[in-house]
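Me: I have a structure open and would like to learn how to read its features one at a time. Please give the general idea each time, then the case at hand.

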Amino acid sequence: MSVTVIISIVAYLILAPIAGGLLAGIDRKISARMQGRFGPPILQPFYDFFKLLEKEPITVNKVQDFYVMCFLIFIMITGCFFFAGGDLLLVIFTLTLASIFLVIAAFSSNSPYAQIGAERELLQMMAYEPMVLITAIGFYLVNNSFNISDIVNAPVMGIQYLPGIFLGFVFILTIKLRKSPFDLSMSHHGHQELVKGLTTEFSGKTMAVIEIAHWYENIFLLGFVYLFFVNTASWSPVLAVAVCLVTYFIEILIDNSYARMKWQIAINASWIVAITLGFVNLLVIYFVR
């Protein structure tokens, strides 16, 4: 393992929760302004995180704490594989495994609200997984490799060959970031009938673990957007980071513009987008290149 890879992994483990927390604070601030409110300070997510750590631990059973910790560990492993330039398929596999641990944790609580949230989380996975796999295949067809290090060091940007897949990935990113109209299993908005969903029975330190896992996950997901716009040009990382920030702002705008949809619409819309934008883009690359 090279020194560069070790530095990338350590930087992700240390900086990702800081960047993710700041991003969550900016998200709350912009959302409040869009709703005509002043909003909390940008550092509020960190204040909330430390308050959760100080709360008395109250859990339904010890098993759910174990599964939630596995969720955090596998999210961190996913990000380490990604930022170390590892195999894209392995990254997708560990990300799916992390989501499964969160679903099992919700089921283990035996709460009807948490179980409904867990069932909706599984439906969401059915909705976004095809587009995630199509994204990985698209990068393989362009670069003849699933290795992220090869994609980053490619002579051309992925977006030149993958515009349809990029739009499809941004569409399912709304599901992964748990934004409206696809916040089916868990919501931060008080007006939803299933406000906390699969995290209903989690509190205190367990909830803090889930929060920091989401910060790690959000930075990793924006890393996927970064891949579409980076190549060997020295200015491409700046462009890629700018696109990541614009994409996140669009997700906030969508989150504050739409009410939650039914799960049937989420699955149908995601699969239609995967077929029309993703699969057609793959066919064009296959026959043109």
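Me: Does Arg28 count as buried, partly exposed or exposed?

Reply: Buried means under 20% relative accessible area, exposed means over 50%, and partly exposed is in between (1.4 Å probe, protein chains only). Arg28 has 32% relative accessibility, so Arg28 counts as partly exposed. The model is a predicted one, in which local features need pLDDT of at least 70 and side-chain atom pairs count only at pLDDT 80 or more, while totals for chains, interfaces and linings use all residues. Residues are numbered from 1 along each chain as its sequence is written, and side-chain values use heavy atoms, with hydrogens and water left out.

Me: With which residue does Arg28 form a salt bridge?

Reply: Side chains of opposite charge can pair when their charged atoms come close. A salt bridge here is a side-chain nitrogen of Lys or Arg within 4 Å of a carboxyl oxygen of Asp or Glu. Arg28 forms one with Asp48, and the closest N and O atoms are 2.8 Å apart. Arg28 lies in helix 1 and Asp48 in helix 2 (residues 44–54), so the pair ties together parts that are 20 residues apart in sequence. Asp48, at 23% relative accessibility, counts as partly exposed.

Me: How many salt bridges does a search of the whole structure find?

Reply: The search finds four. One of them joins Lys179 and Asp27, with the closest N and O atoms 2.2 Å apart. Lys179 is in the loop between helix 7 (163–176) and helix 8 (204–228), and Asp27 is in helix 1, so this pair ties together parts that are 152 residues apart in sequence. Lys179 and Asp27 are both buried. Glu217 forms a salt bridge with Lys176, at 3.0 Å between the closest N and O atoms. Since Glu217 belongs to helix 8 and Lys176 to helix 7, the pair ties together parts that are 41 residues apart in sequence. Glu217 and Lys176 are buried.

Me: Which residues form the nonpolar patch on the surface?

Reply: A patch is made of residues with over 30% relative accessible area and no salt bridge; like charges are joined within 9 Å, and nonpolar side chains (Val, Leu, Ile, Met, Phe, Trp, Tyr) within 5 Å. Accessible areas come from the Shrake-Rupley method with a 1.4 Å probe, and for residues only the protein chains shown count as cover. The patch includes Ile6, Val10, Ile26, Leu43 and Tyr47, and its residues together have about 840 Å² of accessible area. Its largest share, seven residues, comes from helix 1 (residues 3–34). Ile26 is found in helix 1 and, at 37% relative accessibility, counts as partly exposed.

Me: How many helices and strands are there in the protein chain?

Reply: Helices (H or I, at least four residues) and strands (E, at least two) are DSSP runs, numbered from the N terminus. The protein chain has ten helices and zero strands. Helix 4 (residues 88–108) has 21 residues and reaches 31 Å from its first C-alpha to its last, close to the 30 Å expected. That expected span is 1.5 Å times one less than the number of residues.

Me: Which residue caps the N-terminal end of helix 4?

Reply: Asp87 caps that end, with a side-chain oxygen 2.8 Å from the backbone nitrogen of Leu89. Helix 4 is followed by Asn110, which has a positive phi near 60°.

Definitions and conventions:
A polar contact is a pair of N or O atoms within 3.5 Å; within protein, one must be able to donate a hydrogen and the other to accept it, and residues adjacent in sequence count only if both atoms are side-chain atoms.
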